[in-house]
Amino acid sequence: MARVLLVIAGGIAAYKVLEVIRRLRERGHETPVVLTEAGARFVTPLSVGALSNAPVLQDLFDLDREREIGHIRLARSADLVVVAPATADILARMAAGRADDLATATLLATGAPILAAPAMNPHMWNHPATRRNVDRLAEDGVHFIGPEAGEMAERGETGVGRMAEPAAIVEAISRRLAGGGALAGKHILVTSGPTHEAIDPVRYIANRSSGRQGHAIAEAAAAAGARVTLVSGPVTIPAPPGVTLVKVESARQMLAAVEAALPADAAIMTAAVADWHVEAAPHKLKKTGGAPPQLVLSENPDILATVAKGAARPPIVVGFAAETEDVVARAKEKRIRKGCDIILANDVSAGVFGAAHNTVHVVTADGVEDWPRLTKREVAERLVAHLAALMGGG
Ligand code: CTP
């Protein structure tokens, strides 16, 4: 069963959302609720809480709640976020990327798909500003149900603006939860990019990874309907739409972020993790006129092996192997040593870093499959199709 996070904004139609909650609960879904300040003027936290049987959250700065749940975790744990009623105001704030209350901060932080059920006066719905906001949100990937034509709460007013009926909203929610691609309902964890290992506050050790392959995989998984957590080292490319991005610098931070993101249905470790770190100096190292400083390296944790051998091991763990010689033989050995199910091995002697293409060999317990030279996006799409087939989704 899914976790459907409801954001109730301030409109007359808010009372209808109680019926949406009741129907979702009947279907066995969890329904945590974020109630905006204006929303709480139309329905009470008490009635919402009684129906949802889950916390009703109202305040971004409620410290007790922040410690207990945290709006970021709330945003990430949802399979779908439903904004109903979606008022002109909350649509405007969403379109602008505001995070000035718990509702908008949660909407900004979520990687889950968003379904909005607009409800407002027809003049407000038809206003160019609202048209603009709705168009922008649709471009951002927000889905809409309604509004419908009909009589408005204001007596005598008719036109488009009435919120879709609860049954139709629940139907749209079920469609989104069920459909939407071969990886719908799955949580996919991807690491990407290089790591930076600090030498002192201004210097670090890095590598040439661009993050292109990992980001392409995260994007393809999200496009296939998965909830995606992308843990990325420092890169210059933008985060793909619809994924939850966790930015890290060092290998140790990456491991912590990966462990915090588990459980997952599959983990794909694309990051070029530094093998060593330096005990970073607290202040900038200075030339002293004497001998140059000696860097003492210590081994980093192996994130792939830690996850593949850990208690919270996802059912499918995928690693990459960047090699310059004996590519397949080394990948076979690496697959077993690190305990993963699949290794995508690539020959990096021919300048793969930052390039658009990749030639990979897929090493599994069943043998080796050689993929032709493909773009990184094509590699990502093939891998996602392969994972979906393994998970029985297509
Ligand atoms: N990896 C990891 N954590 C590390 C090192 C590597 O998670 N500390 C992962 C990478 O994300 C990749 C895989 O392990 O999926 C292989 O990385 P590679 O650098 O080829 O492996 P190494 O362990 O560094 O192997 P070696 O140096 O022996 O070639």
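## A buried lysine and its partner

K338 is buried, its relative accessible area being 15% (buried means under 20% relative accessible area, exposed over 50%, partly exposed in between, with a 1.4 Å probe and protein chains only). K338 forms a salt bridge with D302, with 2.7 Å between the closest N and O atoms (a side-chain nitrogen of Lys or Arg within 4 Å of a carboxyl oxygen of Asp or Glu). This pair links distant parts of the chain, 36 residues apart, with D302 in the loop between β16 (297-299) and α12, and K338 in helix α13 (helices, H or I of at least four residues, and strands, E of at least two, are DSSP runs numbered from the N terminus). D302 is partly exposed, at 29% relative accessible area.

## Basis of the model

This is a predicted model, in which local features need pLDDT of at least 70 and side-chain atom pairs count only at pLDDT 80 or more, whereas totals for chains, interfaces and linings use all residues. Residues are numbered from 1 along each chain as its sequence is written, and side-chain values use heavy atoms, with hydrogens and water left out.

## Other salt bridges

The count of salt bridges comes to 16. In helix α13, R337 and E333 lie four residues apart, about one turn of the helix, and their side chains meet in a salt bridge at 2.8 Å, N to O. R337 is partly exposed, with a relative accessible area of 45%, and E333 is also partly exposed, at 41%.

D89 and R93 form a further salt bridge, their closest N and O atoms being 3.1 Å apart; D89 is partly exposed at 46% relative accessibility, whereas R93 is buried at 14%.
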